[in-house]
Amino acid sequence: MREAIDHYLEESTSVALGFVDALEAAYEHIRRSPATGSPRYGHELNLQGLRSWPCRRHPYLVFYVSYEDRIEVWRVLHMSCDIPRWLQQGTSPGFPK
């Protein structure tokens, strides 16, 4: 996220602030309705419970897992990157299988 914000700051402060607002809106949506995120990459990579939600007007996806007592944001990735590779690099013993 910091790299994205730095990139947008090169364009303008208002663009960077718009990205931060979009991230906050995505987090709020996920908090209110966690089941509405796409399970696509979770299914493709066999990462049970992994969902994603897009940032409005910005090419980023928020990847998260919802539990009964919390939501863990796992990564925020640009849509043009090799998403499966980045997600697989982030797997750890604590991630649901």
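User: Which residue makes a side-chain polar contact with His 58, and at what distance?

Analyst: In this predicted model, the side chains of His 58 and Tyr 8 are joined by a polar contact of 3.3 Å.

User: Where is His 58 found?

Analyst: His 58 belongs to the loop that connects strand E1 (50-54) with strand E2 (60-66).

User: Is His 58 buried or exposed there?

Analyst: His 58 is buried, because its relative accessibility is 13% and the cut-off for buried is under 20%.

User: Which residues is His 58 in contact with, leaving aside neighbours within four places in sequence?

Analyst: Those contacts are Tyr 8, Val 15, Gly 18, Phe 19, Ala 22 and Met 79. Tyr 8 is also the partner in the 3.3 Å polar contact.

User: What about helix H2, where does that lie?

Analyst: Helix H2, residues 13-32, lies across E1, E2 and E3. Its direction makes an angle of about 30° with E2.

User: Turning to the sheet, what is the strand order?

Analyst: The order is E1-E2-E3 in an open sheet of three strands, and the pairing is antiparallel. E1 and strand E3 (71-78) are at the edges with a single partner strand each, so one side of each has no neighbour in the sheet. On average, neighbouring strands are turned by 30° against each other, direction ignored.

User: How many bridges hold E1 and E2 in their pairing?

Analyst: There are five bridges, in the antiparallel sense. Within E2, Leu 61 is the bridge partner of Pro 54, and Phe 63 is the residue opposite Ser 52.

User: And what is between E1 and E2 in the hairpin?

Analyst: Five residues separate the two strands of that hairpin. In the turn, Arg 57 has a positive phi of about 65°. His 58 is found in the loop between these strands as well.

User: How many bridges are there between E2 and E3?

Analyst: E2 and E3 pair over seven bridges, again antiparallel. Tyr 60 has His 78 in E3 opposite it. These two strands also form a hairpin, with four residues between them.

User: How many of the residues in E2 are buried?

Analyst: Six of the seven residues of E2 are buried, so the strand is mostly covered.

User: Where do side chains point in a regular strand, in general?

Analyst: They alternate between the two faces of the sheet.

Key
Residues are numbered from 1 along each chain as its sequence is written. This is a predicted model: local features need pLDDT of at least 70, side-chain atom pairs count only at pLDDT 80 or more; totals for chains, interfaces and linings use all residues. Side-chain values use heavy atoms; hydrogens and water are left out. Buried means under 20% relative accessible area, exposed over 50%, partly exposed in between (1.4 Å probe, protein chains only). A polar contact is a pair of N or O atoms within 3.5 Å; within protein, one must be able to donate a hydrogen and the other to accept it, and residues adjacent in sequence count only if both atoms are side-chain atoms. Contact means heavy atoms within 4.5 Å. Two strands pair if DSSP finds at least two bridges between them. Axes are lines fitted to C-alpha atoms, for helices over the stretch in contact, and angles run from 0 to 180 degrees between N-to-C directions.
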